[in-house]
Amino acid sequence: MNETRLLLGDEAIALGALHAGLKGVYAYPGTPSTEITEFIQAAEARDRRGIHCTWSSNEKTAMEAALGMSYAGFRSMVCMKHVGMNVAADAFVNSAMTGVNGGLVVVAADDPSMHSSQNEQDSRFYGKFAMIPMLEPSTQQEAYDMMDYAFALSEKEKLPVLMRLTTRLAHSRAAVRVAGTVRDQHLQPADDPSSWVLLPANARRKNDRLTAMQAHLQELSESSPFTLVSHADGRQARLGIIASGTGYNYVMENKAAENGIPVLKVSQYPLPGQKVKALADSCKSILVVEDGQPFIEEQVKALTGAGYSILGKLSGDLPRTGELNPDIVARALGHEPVQFYAKPQGIAPRPPALCQGCGHRDVYIALNKVLADYPDARVFADIGCYTLGALPPFCAIDSCVDMGASITMAKGAADAGLHPAVAVIGDSTFTHSGMTGLLDAVNDRSNITVVISDNLTTAMTGGQDSAGTNKFEAICIALGVEPEHVRVVVPLQKNMESITAVIREEIDHEGVSVIIPRRECMQTLSRKTRKNPK
Amino acid sequence: MKYDIILSGVGGQGILSIATVIGDAAVKAGLQLKQAEVHGMSQRGGEVESGLRLSDSTIYSDLLPSGSADMILSMEPMEALRYLPFLAKDGYIVTSTAPFRNIPEYPEEAVKSAYEALPRVTGIDIERLARENSMPKSANMILLGAASGHFGILTPEQLKESIVNVFGRKGPQMVETNLRAFDIGMSCSQ
């Protein structure tokens, strides 16, 4: 039965995967990818079909578990934001070497403009790096349609497939025609150690296979149902356009079709080089429109040679940073966008802030109070709501780099003699990537004070389960932190005197201390209260 | 025929519920639709914007081009002004008149004088109306009701049917309150 549903790009991916016979999704929450897993968690089919969908501790454990499910013969999916690819990279790149058994699709959601991220890295480089097929949808409908195709492609080529999308597609809704039938697809478990044991002798053979497949994979991109060529009738044109993902939408919004401009829509990689060359032969110059880094543009430059005119991010016709939009693409096509009303003078920015009543607020108030007496103190923070402690009125943190870096940067600084070196990390971030760093600090007896600000959830992405809830004291003690220096406090204004005393004592303790301020997130608390009113 | 809307407000004010109702009505009416939402960090009391595009033919871009919005529909007066570059020449602004003051120096004068210079503004104190009618959570549906006469591409009746669809799972009380809120909004704009 066909039906039309209003879906976010993320939800279209989730539903496409469910209909393709998914057995499990493995993911760590991260904007803009979170809603993929949440949609599957809420789907009524998940229990009936025994679909795995609980959150993983981090993207690497997610990637490995999905590979294991594929090994067992079932279709699995891994979802993450772009920077999660860095965490998963070891498993991801090597999964291209082992290859897969059941279909395995890796979804990476990039965040150009950094709406909720710390960099703009383009995941397509990972696909090329691992030498695997890659898909890039432009619309919610394609996001849905591509999942069935991606799982089949993965099983046929025995390789993982990378699906790349950006915030604008992930978080935009449109009507999607969906099939409503579910595939029942699985294979026998793998039974081929020479493929799966990456000893050098096996790995060399697998590397030769993967390298030899590249021409075939390019051929698949050339003939992909998602690769579209329009208005390229062989006549010479002044300008042709190569566009991918959301970039294609902005090209079409600017009436490329109505104006008869030849357009090559790239939706599958390795880049369909024959199609690129054919377009180049019929045009005097080519404009490359892609959200992210100049990934296609660099390859098109290499294919067309030095004398050929390529317009895009490298030529300065499109900006190198930030996401594209219809106005930016209009300008690259020589049309000045119309504007009838200017933004008035004096309109103030309204940055996000920690919620009223949030426990992180009390943690920063207490830290600021104590550290006022230690002018050399530095606070190394981490990724989460509590990164907002950087903004007024707190201005309480000195760094935020990547998941887990608070503890290890504090350790490195302390090793060099900096004191006090304080780490502030959330509960979910600690189990994602903080535990191993804490073990390093314990083994070195580094003089650091770690604050695990525990709000019992993964708050910034909307309140998902946190892997370490109820286990933090046990984890810290098991890693070797002395039990008397694992201190739990309740971050409330009325406890300020005792909290500041605890912080002071632990800063003055020579060695590793952990302070765990614990109070539930205001958002998840009010959601629970609404659900179960007393 | 197309109708492009910018929805704006402050995180937590309920602009996504407005988008959900319009979206449901659009799908039921067989229209094309694109609705770009804001998730993640920007929800924490920061500025929130969602572009909503309706059309009877293909819509390519999820984002609105500048100068194309037929309406800016805003839960907060200063937030509407932030998106003025997107407003079409003869576009409408339908906005709450109640400032949300969670920033150090709210620019009262700048907001006031900007509105004096704008044509086609409907300003309604939806927060007061919601309080007076004992429907504190339905200010957003009052605003939608006030705007509904302008859409053209969707009728107020179609939107009311979608209020029933969208709030149905929260119980008949919620449906009834939100329908009443919508009607209060409609009567304000007449």
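Helices (H or I, at least four residues) and strands (E, at least two) are DSSP runs, numbered from the N terminus. This is a predicted model, where local features need pLDDT of at least 70, side-chain atom pairs count only at pLDDT 80 or more, and totals for chains, interfaces and linings use all residues. Residues are numbered from 1 along each chain as its sequence is written, chains are lettered from A and ligands numbered from 1 in the order in which they are written, and side-chain values use heavy atoms, with hydrogens and water left out.

**Backbone of chain A**

- Phi of Lys255(A) is near 60 degrees, a positive value in a residue other than glycine.
- Lys255(A) has a relative accessible area of 47% and is therefore partly exposed. Buried means under 20% relative accessible area, exposed over 50%, and partly exposed in between (1.4 Å probe, protein chains only).
- Ser113(A) also has a positive phi, about 85 degrees, although it is not a glycine. Ser113(A) belongs to the loop between S4 and helix H6 (124-130) of chain A. Its relative accessibility is 31%, so Ser113(A) counts as partly exposed.
- Thr31(A) and Pro32(A) are joined by a cis peptide bond, with omega about 10 degrees. Pro32(A) is in the loop between S2 and H2 of chain A.
- A cis peptide bond also joins Pro392(A) and Pro393(A), with omega about 5 degrees. Pro393(A) is in the loop between strand S14 (378-380) and helix H17 (405-415) of chain A.

**Domains of chain A**

- The assignment gives domain 1 (3-212), domain 2 (228-332) and domain 3 (359-525). These bounds come from an automatic or database domain assignment.
- The centres of domain 2 and domain 3 of chain A, taken over C-alpha atoms, are 48 Å apart.

**Six-stranded sheet of chain A**

- The strand order is S2-S3-S4-S6-S5-S11 in an open sheet with mixed pairing. Two strands pair if DSSP finds at least two bridges between them.
- Strand S2 (24-27) and strand S11 (268-269) of chain A are the edge strands, each pairing on one side only.
- Strand S5 (residues 134-135) and strand S6 (residues 161-166) of chain A pair in the parallel sense over two bridges. Met134(A) has Leu162(A) as its bridge partner in S6(A).
- Helix H2 (residues 34-42) of chain A lies across S2, strand S3 (76-81) and strand S4 (104-110), at about 135 degrees to S3(A). Axes are lines fitted to C-alpha atoms, for helices over the stretch in contact, and angles run from 0 to 180 degrees between N-to-C directions.

**Five-stranded sheet of chain A**

- This open sheet has the order S8-S10-S9-S12-S13, with mixed pairing.
- Strand S8 (228-230) and strand S13 (309-311) of chain A each have a single partner strand, so one side of each is left without a neighbour in the sheet.
- On average, neighbouring strands of this sheet are turned by 20 degrees against each other, direction ignored.
- H12(A) packs on the sheet and touches S8, strand S9 (237-244), S10 and S12 of chain A, its direction making about 140 degrees with that of S9(A).
- Strand S12 (residues 283-289) of chain A pairs with S13(A) in the parallel sense over three bridges. Ile286(A) stands opposite Ile310(A) in S13(A).
- Helix H13 (residues 273-282) of chain A lies across S8, S9, S10 and S12 of chain A and runs at about 135 degrees to S12(A).

**Helix pair in chain A**

- Helix H5 (residues 84-98) and helix H10 (residues 200-212) of chain A pack at about 85 degrees, with their axes 8 Å apart.
- H5(A) and H10(A) are therefore roughly perpendicular to each other. Angles of 65 to 115 degrees count as roughly perpendicular, under 35 as roughly parallel, over 145 as roughly antiparallel and the rest as oblique.
- H5(A) contributes Ala96(A), Met97(A) and Thr98(A) to the contact, and H10(A) contributes Ala203(A), Lys206(A), Asn207(A) and Leu210(A). Contact means heavy atoms within 4.5 Å.

**Buried residues of chain B**

- Thr95(B) lies in strand S5 (residues 87-96) of chain B. At 3% relative accessibility, Thr95(B) counts as buried.
- A polar atom of the Thr95(B) side chain is 3.4 Å from the backbone oxygen of Ser74(B).
- Beyond four places in sequence, residues touched by Thr95(B) include Glu76(B), Tyr115(B), Ile124(B) and Leu143(B).
- Phe182(B) is part of helix H7 (residues 172-189) of chain B. With a relative accessible area of 0%, Phe182(B) is buried.
- The C-alpha atoms of Phe182(B) and Ala147(B) are 9.6 Å apart, and the two are 35 residues apart along the chain.

Notes: A polar contact is a pair of N or O atoms within 3.5 Å; within protein, one must be able to donate a hydrogen and the other to accept it, and residues adjacent in sequence count only if both atoms are side-chain atoms.
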